[in-house]
Amino acid sequence: MKKIATILLFFFTGTITVLAQNLSIDNVQKIVLRNTDAIKEGTEVKGYYFFYVSDKIDKHTNEYTLQITDNNLKKLKDIKFEDSKKVSILESSFNGTDLIFLFYNDDENTFEYQVYGADGTKKYSYTRSLSKKDERFLKMTYQTMGGDEENQFKGLYPVQGAGFISNTPSREDGDFTFEIDYFSSTNNKQWSYIPTEGGKRFSGDYLGSYNGIALFEVLRYSSRTDGNPDSYLIGLSMTDGKKIFEKPTDKAKNKFYPTNLFTLNDGRAVLFGEYFESDANVMKAKSLGFCFIGIDGKGDFISEKYDSWENDMAKYLDVSSKGRIDGLGYLFMQSSVQAADGSIYIIGEGFKKVASGLGIAANVLSGGAGSGLSNSKIKVTNLAIIKFDKEFNVKAATLYEKNSNNIELPEGFGWYGVIALGKVVKYNFGGFDYSYTQINKDNSSFTVCYKDYVKEKDYKGSTFNAITYNGDKFTKDVINTKSEASSSTVLPSKQGSVLMLEYFKKKKILEAHIEKLN
Amino acid sequence: MHLNNYLLSLSLLFLCFHCISQPGNQYVFQKDDSLLKAKYADAVFAKKEVVITSLGKENFIEYKKAYDESYKNIGDFLTSSRAVTSPKELYYLQSLVQLIVKANPELQQLDTRVVFSRDWWPNAYSMGDGTIAVNAGLLIYLDNEAELVYILCHELSHFYLDHTGKAIKKYVETVSDPDFQKELKRLSKQQYKVNERLKVLTKTMVFDNRRHSRSNEAEADIQGYKFMKRTGFDCSSILSALSVLDHIDDTSLYKPVAVENIFNFSDYPFKNRWIEKESAIFSSMTDNSDLTKAEKDSLKSHPDCSKRIVFLKDSIAGIKMPGKKFLVDENLFRQLKKDFYIEMSEECFHEERLSRYLYYNLQMLQAGENLSVAIPSIARCFNLMYKKQKEHAVGLSLDAEGKDFPADYNELLRMLNRIRLEEIAAINTRFCKKYEAEMAGNKVFENEMKKANAIINN
């Protein structure tokens, strides 16, 4: 109540001070930094949202505030609503005209997708009920459900000016699958698609959309223990979710596993991924290299370009065996950008499977009963940026060294193949250091950001790193992020800047300010 | 005779040439009297002790807290670089105050400390103990002494009518009120809907406070007019002063700064992407405050200037004797308006408000004014921006674009928030090279140019 008196004194006698681009909120009793995120159009940050409990209404109900600011942290709007105290925000997305927020209600076991216009008016709300099985399965993915953990999973994607696609794991009776939902932002319509036929387990990755088609890479397992799934592409109509095509990915010259969809400057749709021997198990086999596969509206492959480790990548990287790069291990594709001159840059982060002393010791001590730990662990290594020209030929590759980090694997994960392991490291353990990539409006410059931890003579602590390409060269910048804050995070900002968020628990102050990268 | 005239002419010519070759009349920054600042601070402290000693037992703690905070702010202001105690400027201001006091005997017993401040925002304020400040950011917009005198009369009225003392009293009585305390205690134990209740509680108090504030402003307007009409100054300047305040946000003393011209060099052309506007995605998102228009109006601390003008117009029209716009020193007034532009911008540098500092100096550069200050300042600003950006500490020194800023300032801010480290260095070296000849002999400039070149050569 002393605080109220101070506020009142201010009103009676105070003055106003104009501040630069920073925000300071005091009397913040509790903050979960993941409840703040950037609102992006593509990779451009257009604003931020801050989600917090602004009042307790009763034993079961909170008043929540979703505060939206512009990209200079100037408050635009407070959206207030009352709901169960067990509501948390999981994700947001912006499609150029509308915003969507995904809330999880632990009381009612629902996902609620709320769509807001750019004027802050609520347009539509879509609710998805979750079964108990769904919920347990989803908690493995959205670690933030009901907790304070950092969330790595991304399941919400914008469809420019039209709506949003949600891709989340799902349980259908005993089957593990995934659910695609499309939520329109122009009218109150949605559709869903859940693959269940022909397999007992499915996993799907949204690749992107082109010509009114939403494209997914799907793995179909014939049984729960099937270790060699079928890989295929499905194209769904954005209008009604009907399947337009289903194409196995072994129908190109080589079997491939796509991870990205580009729409090139000339409008062509091209899939990017790794390619394999024709009889390879994409989940376990080592790849032969990268591929670029052109695709049309019927899902037919209209062009193919392959860059092998052995012949093409080896000119720029020390490739010891299939896909294993010296200084990196295997490469997990984090993101990709196409520059103004048509060059494509793939940003990858390396990881290796190594023996785990802890796991081995624990298993020995358990006398064969199982310790819960695998005998192997993952070592996350360096960052790599690989450049391809307009014809998809490898032109350059650069390794960026950083300190490695180890991830102990639970029992059973040690047998996972390269691609599957990479996804586990990213989405289940949040083990990669990569943060995000931003490209400017005219594609003349992009920045790749990642975290690291250093132990040097002058500084020991966490760092935030940025590699910037400005049209003719790469430069690197490092921000030391150790501070007196109880917790802190770095979020994207306008290109060339970052948003530093710090929470001081004792003083109950949340501070945010924008800082420029060099 | 002809030869003497010839030699005399030559000498004059030589002297003139010598004058022209000097690096311009260097501006000499105001030098504050630090002893006077200390004396003022002591006086304020002594006054606080008197005030606190004279407090009764009732609500003593709350009063003491309020006065401690208030007097601390006053002391901090007076001892800071913001308060101007440079003799010439102070003497001028005191001359105006003495004129007002001489014409209004009821003011003679008041213990006042009236100073200019180097703050950039257009404001003047009475701090409650007799300290009155007129910001440089307001002075630069005034047209004559009469307008300044009205501002002084208005602020003296606040002190004369003890508005601050009454506000503190109101605050203390409010927070000490048994019903209020009871409500606070109840809220501190309440688990639910605390913020909702607090909002209602504070809303009532804020509206009440703002109503009093508007009422105080209206009272100070009337009393200020009464003081002014006895001074011999032209009272129609009251209306023009209020009109200045009414339009101040839309007024600029200089043409818009064209950064694309200033920072365009033949070997380092200006990049349009530095100032390209971003798409305003959320431009239609408005604050969804649940206040009505009437309520928003009720939150204003001052009545609208247009209403204030209307209120005083008839009284002023009734004055038969026209007054003067200047009674003390017109030349000095006009000189101070120019000087304070520089002082105000230098204070921005002192406080590391670099975007604003740069803006003011670019305005002067473009207008061809005070070049001996503006050009070195721009170089200095870029050097400091480089240093701070390298340390990832420049963000807090740069304003963010805002809809209340002029378009040219927003353009400059876009540029400053986008240019990269190497671009800062590249721009500055070329800027320095451009003005090297013109600034020959200017030690500040030469020092900054040396730093800029050292950066680029590393």
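Two residues are in contact when their heavy atoms lie within 4.5 Å. In this predicted model, 56 residues of chain A are in contact with 54 residues of chain B. Local features need pLDDT of at least 70, and side-chain atom pairs count only at pLDDT 80 or more, while totals for chains, interfaces and linings use all residues. Residues are numbered from 1 along each chain as its sequence is written, chains are lettered from A in the order in which they are written, and side-chain values use heavy atoms, with hydrogens and water left out.

**The interface**

- Chains A and B bury about 4900 Å² between them, 57% of it on carbon and sulfur atoms; buried area is the accessible area (1.4 Å probe) that two parts lose on being put together, summed over both.
- On the side of chain A that touches chain B, the elements giving two or more residues include helix H1 (2–13), strand E3 (44–56) and strand E35 (509–516).
- H1(A) supplies the largest share of that side, seven residues.
- The residues on that side of chain A comprise 22 nonpolar, 17 polar and 17 charged, where Asp, Glu, Lys and Arg count as charged, Ala, Val, Leu, Ile, Met, Phe, Trp, Tyr, Cys and Pro as nonpolar, and the others, Gly among them, as polar.

**Chain A**

- Chain A has four helices and 35 strands, which are DSSP runs (helices H or I, at least four residues; strands E, at least two).
- Of the 518 residues in chain A, 58% are buried, meaning under 20% relative accessible area (1.4 Å probe, protein chains only).

How values were computed:
Buried < 20%, exposed > 50% of the residue type's maximum accessible area, 1.4 Å probe, protein only.
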